[in-house]
Amino acid sequence: MLTQIDRLTIYCVLCFITFCSLVLRSPNDMSIFALGGLIAAAIGLWLELTNSPELEEEDG
């Protein structure tokens, strides 16, 4: 089973890869799948960060 840090790392890498694929392509060669992948990875990253009890600071 993956830990939350593992999932965050995977989502960050996916965001980076899809962003680079969008930036490095010519405007005539734009793919809707790359844009969809970037949006999906960003949503997944956002969901992981909002539901992260491990990343919250402990009140001591």
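**Figure 1. Threonine 18 reaches back to the backbone of cysteine 15.** In this predicted model, the side chain of threonine 18 comes to 3.2 Å from the backbone oxygen of cysteine 15. Threonine 18 sits in helix H1. Its relative accessibility is 15%, so threonine 18 counts as buried. What does threonine 18 touch once neighbours within four places in sequence are left aside? The contacts are Ala34, Gly37 and Leu38.

**Figure 2. Two cysteines, no disulfide.** Look for disulfides anywhere in the structure and you come up with zero. Why don't cysteine 12 and cysteine 15 make a bond? The sulfur of cysteine 12 has its closest cysteine sulfur in cysteine 15, but that is 6.6 Å away, which is too far for a bond. A disulfide would need the two sulfur atoms within 2.5 Å. Seen from the other end, the story repeats: for cysteine 15 the closest cysteine sulfur belongs to cysteine 12, again at 6.6 Å. Is cysteine 12 buried, exposed or partly exposed? With 41% relative accessibility, cysteine 12 counts as partly exposed. Cysteine 15, at 15% relative accessibility, counts as buried.

Figure 3. The partners come from distant parts of the chain: glutamate 48 is in helix H2, arginine 7 is in helix H1 (residues 4–24), and 41 residues separate them. How many salt bridges does the count give? The total is one. The cut-off for a salt bridge is 4 Å between a side-chain nitrogen of Lys or Arg and a carboxyl oxygen of Asp or Glu. On the arginine side, a relative accessibility of 27% makes arginine 7 partly exposed.

Figure 4. Is glutamate 48 buried or exposed? Glutamate 48 is buried, because its relative accessible area is 14% and the limit for buried is under 20%. Setting aside residues up to four places away in sequence, glutamate 48 touches Gln4, Arg7, Leu8 and Tyr11.

Figure 5. Which residues make the nonpolar surface patch? They are Ile32, Phe33, Leu35, Ile39, Ile43, Trp46 and Leu47, and the patch covers about 790 Å². Take isoleucine 39 as one of them: this residue is found in helix H2 (residues 32–50). Isoleucine 39 has a relative accessible area of 46%, so it is partly exposed.

**Figure 6. Zooming out to the whole chain.** For context, here is the protein chain that holds the close-ups. It has two helices and zero strands. Of its 60 residues, 22% count as buried. The accessible surface of the chain comes to about 4,900 Å², and carbon and sulfur atoms account for 67% of that area. How much of the contact total comes from residues 24 or more positions apart? Among contacts with a separation of 6 or more, such pairs make up 59%.

Key. Residues are numbered from 1 along each chain as its sequence is written. This is a predicted model: local features need pLDDT of at least 70, side-chain atom pairs count only at pLDDT 80 or more; totals for chains, interfaces and linings use all residues. Side-chain values use heavy atoms; hydrogens and water are left out. Buried means under 20% relative accessible area, exposed over 50%, partly exposed in between (1.4 Å probe, protein chains only). Patches are made of residues with over 30% relative accessible area and no salt bridge: like charges are joined within 9 Å, nonpolar side chains (Val, Leu, Ile, Met, Phe, Trp, Tyr) within 5 Å. Accessible areas come from the Shrake-Rupley method with a 1.4 Å probe; for residues, only the protein chains shown count as cover. Helices (H or I, at least four residues) and strands (E, at least two) are DSSP runs, numbered from the N terminus. Contact means heavy atoms within 4.5 Å. A polar contact is a pair of N or O atoms within 3.5 Å; within protein, one must be able to donate a hydrogen and the other to accept it, and residues adjacent in sequence count only if both atoms are side-chain atoms.
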